[in-house]
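This briefing takes a reader new to the structure through a few of its residues and then the whole chain. Please keep the sequence and the 3D view open while reading.

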Amino acid sequence: MEKEIKEQAKSGPRLSVDICGTFTDIVVQYEDQIECFKVLTTPEAPEIGFLSGVELALSSTGHSADDFTCIMYLCYSRIKIQMNVLGD
């Protein structure tokens, strides 16, 4: 079963999110296309930027969350967010 899940994740559309200090980057990969999106990170509540970025990516590509076999790869850097807040 694990092998089947890995094969599905390779073949279907994928959505990746990287929450950084200033921007949250979203990448959608499907078929032969890669589309990139960027929204502001909200340091006090990073999930807001995360969710707005995912919503933007889904609406812009015409996908729904159900279309993805591999939903998220999340790289979250709290230290970078705190450094940006201190620098403001």
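Val17 sits in strand β1, which covers residues 14-19. The model is predicted. In it, Val17 is buried, with a relative accessible area of 2%. Phe37 is 20 residues from Val17 along the chain, and their C-alpha atoms are 9.5 Å apart.

- The side chains of β1 alternate between two faces.
- Leu15, Val17 and Ile19 point to one face and are buried.
- Val17 counts as buried because its 2% relative accessible area falls under the 20% cut-off.
- β1 pairs with β2 in the antiparallel sense, over six bridges.
- A hairpin of three residues joins β1 to β2.
- Asp18 has Asp25, in β2, as its bridge partner.

**The salt bridge**

- How many salt bridges does the structure hold? There is one.
- Asp25 and Lys38 form a salt bridge, with their closest N and O atoms 2.7 Å apart.
- This pair links distant parts of the chain, 13 residues apart. Asp25 belongs to strand β2 (residues 23-30), and Lys38 belongs to strand β3.

**Thr24**

- Thr24 lies in strand β2.
- Thr24 is buried, with a relative accessible area of 0%.
- Which residues touch Thr24, leaving aside its neighbours within four places in sequence? Among them are Val17, Asp18 and Ile19. The list also includes Phe37, Lys38, Val39, Leu40 and Thr41. Gly49 and Phe50 are in contact with Thr24 too.
- The side chain of Thr24 makes a polar contact of 2.8 Å with the side chain of Thr41.

**Thr41**

- Where is Thr41? Thr41 is in the loop between β3 (33-40) and α2 (46-61).
- Although in a loop, Thr41 is buried, with a relative accessible area of 8%.
- The side chain of Thr41 has several polar partners, including the side chain of Thr24 at 2.8 Å.
- The backbone oxygen of Phe23 lies 3.0 Å from a polar atom of the Thr41 side chain.
- The Thr41 side chain also reaches the backbone oxygen of Cys20, at 3.0 Å.
- Ile19 is 22 residues from Thr41 in sequence, yet their C-alpha atoms are 6.9 Å apart in space.

**Glu31**

- Glu31 is placed in the loop between β2 and β3.
- Is Glu31 buried or exposed? Glu31 is exposed, with a relative accessible area of 71%. The label follows because this value is over the 50% cut-off.
- The phi of Glu31 is near 50°, a positive value in a residue other than glycine.
- Most residues other than glycine have a negative phi.

**The whole chain**

- How many helices and strands does the protein have? The secondary structure comes to three helices and four strands.
- Along the sequence, these elements follow the pattern α-β-β-β-α-β-α.
- The protein has 88 residues, and 32% of them are buried.
- Of the contacts with a separation of 6 or more, 50% join residues 24 or more positions apart.
- The protein exposes about 6000 Å². Carbon and sulfur atoms supply 57% of that area.

**To take away**

- Val17 is buried in this model, and so is Thr24.
- Thr41 is a loop residue whose side chain meets that of Thr24 in a polar contact.

Technical notes. Residues are numbered from 1 along each chain as its sequence is written. This is a predicted model: local features need pLDDT of at least 70, side-chain atom pairs count only at pLDDT 80 or more; totals for chains, interfaces and linings use all residues. Side-chain values use heavy atoms; hydrogens and water are left out. Buried means under 20% relative accessible area, exposed over 50%, partly exposed in between (1.4 Å probe, protein chains only). A polar contact is a pair of N or O atoms within 3.5 Å; within protein, one must be able to donate a hydrogen and the other to accept it, and residues adjacent in sequence count only if both atoms are side-chain atoms. Contact means heavy atoms within 4.5 Å. Accessible areas come from the Shrake-Rupley method with a 1.4 Å probe; for residues, only the protein chains shown count as cover. A salt bridge is a side-chain nitrogen of Lys or Arg within 4 Å of a carboxyl oxygen of Asp or Glu. Two strands pair if DSSP finds at least two bridges between them.
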